[in-house]
Amino acid sequence: MLKFLKGVVGSGGGIKDLPYNIGEPYSTAWGGWAHFRGTSKDDNSPVSIFSYTGSNAQDARLAAARNGAKRLRVVRHPNVLAFLHSTEVENIDGGVAKPTIYLVTEPVMPLSEKIQELDLQGTQRNEYYAWGLNQIARAVSFLNNDCKLVHGNVCLASVVVTATLDWKLHGLDVLSEFDGANPAATGPMLQYDWLVGTQFKSLELAKSDWTTIRKSPPWALDSWGLGCLIYELFSSAKLAKTEDLRNTSQIPKTLLPDYQKLLASAPVKRLNSAKLLENSEFFHNKLVETIQFMEILNLKDSVEKDVFFRKLPTLAEQLPRPIVTKKLLPLLSSALEFGSAAAPALNPLLKIGSWLSQDEFNVKVLPTVIKLFASTDRAIRVGLLQHIDSFGAGLSTQVVDEQIFSHIATGFADTSAFLRELTLKSMLLLAPKLSQRTITGSLLKHLSKLQVDEEPAIRTNTTILLGNIASHLNDATRKRVLINAFTVRALRDGFAPARVAGIMALMATAEYYDATEIATRILPHLVVLTVDSDSDVRTRAFQATEQFVQSLKDYYSKLQSGDPTAVAAPAANVASAGSLGLLGWAVGSLASKKSNDLSSAPAEITSGSTIMTASASQTAAPPSIATHTSAQPRFHVDEPATASPTSNDGWGDAQDQAFGNDDEDEKDGWGDMDLPAEPALALSRIRAAQQKPVTTQPKPVATSTSSPVKHISRPGVHRKG
C-alpha cells in the first residue's frame, strides 16, 4: 500500500487538492488506515495525515472511511481528534479506479508508540494513565450522554497522543446515532459493526442482539470499550480474546471496582463514563488535579492561584518530567501571556524551563519571557529581573536592544528602590548586548541619575556596574564618563562603601587612563581619602595611590630609557592587583525587600545595612559599616545632600533629547564634570584645605540656575565661618 501511495503522491510529496506534504508513516494505525507525519505547504507546521485506499468505488470499507471523515468533521470536542482537512482522489491502477481518502488532523502519534517512548514506570506511569483515561472518558461521555452517539470501537488503537501528551479519541468509522428511543427502529444500529474486532465486542454486540442494545443505556457499548482500553493499557499487550478481560492482576486496586462495573455482563449495569469521572478514586492524584486546576485557572480566585503557584515548583519535581515539560509548561506560558496567572507563576515557569535544553528553552519559554517584559505588573517585572541570570544568556543582542531594554529601562526611575536596584543589577548581563547607540544615548543617562540616587546601596552598585561594563564602552565615552563617575561622584559620596567602590573601580579600569589623567585627575582625589574617617576607605586609598604612583614611575622610567612599550597606558598593570573585589555587588537591605512592598515608597537604608563583598585575596569589609554622622573630623562631612534621582543638578547639562543629535554624547550627564585643568592649582587647594579645621556639618549648597557645574563641590573641606 505504501508503494502505491508513493506512486500517487510522487517524488515531491504533494497531491493535487491537498495543501499538505506527506512524510514518513507510523508503524501502527486504526482500522486499516495509514497514518503519516505531514507538514503544511503554507507555513510548514506539522500535521497528521490519515489515508485509506479502497479496492474499488463500491468497497464497503471505503464507505466506512467516508463515514469516519464526515463524523470527525462535525464532532468537535477537546478530547476528540481535531479535524483540519479532507479530500478524496481517484487513480487508475491496472485499469481499475482506486479512490483514496486523505484526512488531515492536528499532529498526533499512536498511543501505543508514545507509551513505549515515554517508558514511565510505577506511580508516575499510573498517574499519566489516569490523566489519559480521564480525557478519553470525557470524550466518550460527550458522545454518549450529550450527543446520543455510540463510538462502537473504543480501544488502544483508537487513541492518539498530541505533542502536549494529551490523549485524543479518533477512529469514528463505526460511529452511529443511538436510536433506542425510536420504537420503529429495526436492523443493525451500527452500520459498520463488522469493523470491530471480535475480542472487543460485548456479549450482546457479538450476538448482534440489537433489541437488547436498543433497550440498554447509550453508554453500554462504549463503557465496555473503556474496559478493553484499561486492560490493554495495564497489561501492556493487545487484547487477544474476550476471556482475557477476566485477568485483573495488572489492574490498580483503586481502579479495579470501576473496571469490573464497566465490563458488567448486563448492559444496564455498566458504569456510565460520566460517573466514572465523578467517583473513581483512581483519578484523584497529583498530576490529574494539577492539570485540571490549570485548565480552569480563570475560575479560581487570587488566593487559590497564589497558593497553587507557590507550591507548584516543589510539586513539579514529583510529577512525571515529560508531562511537566510538555503539558504543564505550555499551560503556564499561556496563563502568564494572557493574564490569567500572576507573578507567582513566573517562578515555576522558569524552574521547569531550566530542565530543558537551551534550544528547547529558546522555543518554549523565551518568547513568553520576552512578552512579559512589557507587563505593567511590578511583581512580574521584579520576578523577571530576579531570575534574569537563568535566561539572560539566551537573549540575542537584537532582542535585548530592540525589544527588552526599553521596557526594563522604566525601572531605573521607578519609585521603588528595590526595583531600581534590580534593574541596575540586570545591566551587568544585558549591557554587553546593547548597541553603542543605546548605551550612550540611554543607559548612561539612567546610570548618571542613579549615581546620585537617594539610596546609598544603589549609588554604590552604580559605580560597581560602571566598572564592570567599562570594556563595552567606546574610547570616547570612557574618556568622558569613567573618571568623572569614579572621582567627582563616587569618591565624594558620604557613604563609605560608595567611596570604596569608586577606588576599586578606578583600579579595575586603570588600563584606560593615561599618565596625565592619573597625575591630574585621579591621584588628587585618592590622596584626600588617605585621611578618610573610615578605615577601609583609607586602606583602599593607600593601596590605590601607591599602585598608581608606582605605575607612573615605571612609565617614565621606560620613557627615559626609550622603551617603546611606554606609549601604553601606564596603569594597565594596576587592574590585576586591584580589581578582584569589584565584581561583587554592594549587598544591602534593598536585597531583602519583598516584591509585595513595591507599591509603597522606597524605604531608607538604615545604619549598618550595607556591606561590600570582596574576594578572598583582599581584606573583607567589616560586617557593619556605620553611616557617617559621627562628630569625628572627616573629609566628607561637607558633602551636599544627594540630588534627586530624577535631577541632573550639579552633574552636567544632561537633557533628554531624541537620538540623532550631533551633540548627544555630550549630554548624557557625564560630560561637564571635569576638575580644573591646572593640576598645581588643584593640589594647592587640597593642601590648603588639609591645614584648616573641619566641621561636622556640611554647608548648604546654593542653588544656581545659570550653570549646573557650580553645584559640584571640590574634593576638600569647607572652612568654618
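A contact is defined here as heavy atoms within 4.5 Å. On this basis, residues 24 or more positions apart account for 69% of the contacts in the protein with a separation of 6 or more. The structure is a predicted model, in which local features need pLDDT of at least 70 and side-chain atom pairs count only at pLDDT 80 or more, while totals for chains, interfaces and linings use all residues. Residues are numbered from 1 along each chain as its sequence is written, and side-chain values use heavy atoms, with hydrogens and water left out.

The protein has 27 helices and twelve strands; these are DSSP runs numbered from the N terminus, with helices (H or I) of at least four residues and strands (E) of at least two. Of the 721 residues in the protein, 52% are buried. Buried denotes under 20% relative accessible area, exposed over 50%, and partly exposed the range in between (1.4 Å probe, protein chains only).

The largest nonpolar core contains 166 residues. Such a core is a set of buried Ala, Val, Leu, Ile, Met, Phe, Trp, Tyr and Cys residues joined through side-chain atoms within 4.5 Å. The members that touch the most others are Tyr-128, Leu-133, Trp-167, Phe-391, Leu-443, Leu-447 and Phe-548. Helix H4 (residues 122-146) supplies the largest share of this core, eleven residues. Because domain 1 (16-107) and domain 2 (111-286) both give residues to this core, it lies between them; the domain bounds come from an automatic or database domain assignment. A second, separate core of eleven residues includes Leu-18, Ala-34, Val-89 and Tyr-102. In soluble globular proteins, nonpolar side chains tend to be buried together.

Helix H25 (residues 535-561) has 27 residues and spans 39 Å from its first C-alpha to its last, close to the expected 39 Å at 1.5 Å a residue. The expected span is 1.5 Å times one less than the number of residues in the helix. At the N-terminal end, H25 is capped by Asp-534, of which a side-chain oxygen lies 3.0 Å from the backbone nitrogen of Asp-536. Asp-536 is itself among the buried residues of H25, which also include Arg-540, Thr-545, Phe-548 and Tyr-555. Just after the helix, Gly-562 adopts a positive phi of about 80°.

The structure holds 23 salt bridges, each a side-chain nitrogen of Lys or Arg within 4 Å of a carboxyl oxygen of Asp or Glu. In helix H3 (residues 111-118), Lys-114 and Glu-117 are three residues apart, about one turn of the helix, and their side chains meet in a salt bridge (2.9 Å, N to O). Lys-114 counts as buried because its relative accessibility is 6%, whereas Glu-117, at 47%, counts as partly exposed. In helix H11 (residues 302-316), Asp-306 and Arg-310 lie four residues apart and also form a salt bridge (2.9 Å, N to O). Here Asp-306 is partly exposed at 26% relative accessibility, and Arg-310 is exposed at 58%. An α-helix has 3.6 residues a turn, so residues three or four places apart point the same way.

A further salt bridge joins the side chains of Glu-295 and Lys-327 (3.9 Å, N to O). Glu-295 lies in helix H10 (residues 286-295) and Lys-327 in helix H12 (residues 321-337), so this pair ties together parts that are 32 residues apart in sequence. Glu-295 is partly exposed at 38% relative accessibility, while Lys-327 is buried at 8%. Both residues belong to a network of salt bridges that also links Arg-138 and Asp-166.

Conventions: Polar contact = N/O pair within 3.5 Å; in protein donor to acceptor, adjacent residues only side chain to side chain.
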